[in-house]
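Hi everyone, thanks for coming. I'd like to walk you through one protein today, so let's get it up on the screen.

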Amino acid sequence: ADRTTDATAVCRWIDDYVNSWYTVNLDYNYPADAGYLKAKEIRQGTCQGASLMVMYPLRALGVAATYDYVPQWGNRSGRHNWNALYDHGYLRTFNGPDRNPGEHKVEFIGVGRMYFRRPKIYRKEYLNAGSVDVTSEYLPSVDVSVPMRGARNGDVHLAVFDNSNWRSVCEGRRCGNRAVFDAMAREIVYLPIIVENEKGRPFGLPFVVGKDGRVHTFRAGLHRRSVSLTSKYPEDESNRIFPGERYELFCWRGYWRSLGEQEASDTVLVYDNVPAGALLWLRNLDKGVQERIFVYEDGNTS
């Protein structure tokens with residue numbers, strides 16, 4: 001193809017050029033986008049910076065490339081960004097300068113074969129510093145509404161859980177006594193929060209949007225039961241229960257309430273008096289940062 005007229009070919013050419021001088025440095029911590037010319041002097045930066053270094057020359061050449069991103073994974077810590085290109089009516093993603101159009105996949109699978117879920121996908125707008133929601137261009141999504149439960153002031157948001165905190169991924173709107181959130185990805189646990197003065201507080205029950213688009217809420221019930229846990233996180237073997245290490249289990253009751261600490265004497269932790277239907281979180285107090293929320297159903301965690 002003629003690289004002067006074929007958009008995909010131009011992207012590959014720019015990818016190769018940026019890759020010749022830009023190095024991704026995970027320890028790079030410059031507090032703002034250095035811009036194209038300054039970045040060429042520094043010759044390194046973040047993954048986000050790499051995508052921007054490709055996008056700037058593409059836009060200067062008249063190629064309709066975009067910067068798309070996930071603000072927070074829906075089932076683990078971290079975020080992700082990439083470039084995208086509309087070519088002959090198709091959205092082609094690439095991770096400039098690392099992966100060319102046709103070679104890049106937005107989906108990621110961890111070493112334990114766990115799929116990294118994307119709750120929201122945004123696109124940076126060209127003319128201002130804002131972003132536009134493009135989740136429905138990538139994923140099956142569904143509009144969700146939840147009762148306000150007495151929340152009066154502040155903005156309504158949905159948050160997802162990283163390794164230790166709830167992180168907002170979208171802002172909704174009030175509609176009567178309900179909060180409405182458009183184009184939410186499925187199979188992810190969300191928590192409705194009110195954000196006021198840059199601080200968030202929960203105003204409803206955590207819930208998951210199922211494959212069928214239906215909303216299922218998690219509520220700690222009055223019934224108690226015993227649970228047996230063999231892992232705190234399903235991604236790899238390092239997250240299993242190890243004898244001699246200390247663990248603490250929490251359940252969600254509008255806040256994380258401790259159900260007690262234990263030192264493991266075996267590869268299985270047993271907790272009694274755990275509220276049925278509760279959202280749970282198991283922490284290793286001695287090592288590791290990979291931790292996930294889960295529910296315990298029929299003897300299994302999910």
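I'll start with the overall picture and then move to the inside.

One thing to keep in mind: this is a predicted model. So, what is the chain built from? The secondary structure comes to 4 helices and 24 strands. If you draw a box around the C-alpha atoms along the principal axes, you get roughly 70 × 50 × 35 Å.

Now, the contacts. Take the ones between residues at least 6 apart in sequence: 56% of those join residues at least 24 apart.

The protein chain exposes about 16,100 Å², and 47% of that is supplied by carbon and sulfur atoms. As for charges, there are 39 positive and 37 negative ones, and their mean positions sit 4 Å apart.

Okay, let's go inside. The chain has 302 residues, and 45% of them count as buried. Which residues have the most contacts inside the largest nonpolar core? Those are Leu58, Tyr138, Phe181 and Tyr190, in a core of 52 residues. Helix α3, which covers residues 47–60, gives the most to this core, with 6 residues. Apart from that core lies another one, of 16 residues, and Val227, Tyr247, Leu249 and Ala278 are among them.

Skip its neighbours within four places in sequence, and what is Tyr138 in contact with? The list includes Trp82, Ala84, Leu91, Val106 and Ile121. Charged residues turn up there too, including Asp68, Arg118 and Arg123.

That's my tour, so over to you for questions.

Definitions and conventions: Residues are numbered from 1 along each chain as its sequence is written. This is a predicted model: local features need pLDDT of at least 70, side-chain atom pairs count only at pLDDT 80 or more; totals for chains, interfaces and linings use all residues. Side-chain values use heavy atoms; hydrogens and water are left out. Helices (H or I, at least four residues) and strands (E, at least two) are DSSP runs, numbered from the N terminus. Buried means under 20% relative accessible area, exposed over 50%, partly exposed in between (1.4 Å probe, protein chains only). Contact means heavy atoms within 4.5 Å. Accessible areas come from the Shrake-Rupley method with a 1.4 Å probe; for residues, only the protein chains shown count as cover. The place of a charge is taken as NZ of Lys, CZ of Arg, CG of Asp or CD of Glu. A nonpolar core is a set of buried Ala, Val, Leu, Ile, Met, Phe, Trp, Tyr and Cys residues joined through side-chain atoms within 4.5 Å.
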